[in-house]
Amino acid sequence: MWDEARHAEMSWRRLEELGGVPDPKPPITTVVLTPMEGLTDPLERLLVLQRVVEGRATERHRYRVIYLARELGDPQTARLFEYIVADERAHIGYSQWIQHLVGDDPERVARLEEVHKAAEQRFEALISRRADATAGMSAGGKAS
Ligand SMILES: [Fe+2]
Ligand SMILES: [Fe+2]
């Protein structure tokens with residue numbers, strides 16, 4: 001949580017430096033809630049948070065680092081995203097504990113794989129409708 005609080009504070013400060021006062025957002029955004037839709041099991045929700053939400057968001061932030069630094073000439077904001085990516089890589093790695101909890105239960109493993117796949121699809125559908133869907137994704141040669 002300390003990492004996430006720092007991400008929010010760093011981003012807020014940078015937005016102010018760039019001249020915009022950020023609009024307050026709900027504490028849980030649609031990019032988190034949409035992939036979680038319909039999930040009540042805590043393990044399933046944590047899997048989706050760590051592997052889908054943090055996983056996919058970090059993948060996109062990595063391209064934003066390249067796009068901001070190279071295409072927009074904004075190395076300061078690029079560095080901010082680098083710090084966030086460094087933290088998020090650890091958060092994604094923490095999801096390794098999930099397999100220890102599930103063990104060899106084939107039904108549970110199959111259910112989690114199904115949940116993961118469905119959440120990825122909801123995440124992609126949401127992202128594809130965003131105005132910044134391609135921000136930073138084409139600069140590195142990867143289309144979204
Ligand atoms: Fe974060
Ligand atoms: Fe995180």
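Student: What spacing do the donors of the iron ion (ligand 2) follow along the chain?

Tutor: Donors are N, O and S atoms within 2.8 Å of the metal (3.2 Å for Na, K and Ca); water is not among the atoms, so sites may look incomplete. Here the spacing is E-x49-E-x33-E-x2-H. This is a predicted model: local features need pLDDT of at least 70, side-chain atom pairs count only at pLDDT 80 or more, and totals for chains, interfaces and linings use all residues. Residues are numbered from 1 along each chain as its sequence is written, chains are lettered from A and ligands numbered from 1 in the order written, and side-chain values use heavy atoms, without hydrogens and water.

Student: Which residues coordinate the iron ion (ligand 2)?

Tutor: Glu-4 (OE), Glu-54 (OE), Glu-88 (OE), Glu-88 (OE) and His-91 (ND1) do, at 1.8 to 2.8 Å. Glu-54 in helix α3 (residues 42-71) and Glu-88 in helix α4 are 34 residues apart. Helices (H or I, at least four residues) and strands (E, at least two) are DSSP runs, numbered from the N terminus.

Student: Which residue bridges the iron ion (ligand 2) and the iron ion (ligand 1)?

Tutor: Glu-4 does, and the two ions lie 3.7 Å apart. Glu-4 sits in helix α1 (residues 2-17), 84 residues from Glu-88.

Student: Is Glu-88 buried or exposed?

Tutor: Buried means under 20% relative accessible area, exposed over 50%, partly exposed in between (1.4 Å probe, protein chains only). Glu-88 is at 7%, so it counts as buried. Glu-4, at 28%, is partly exposed.
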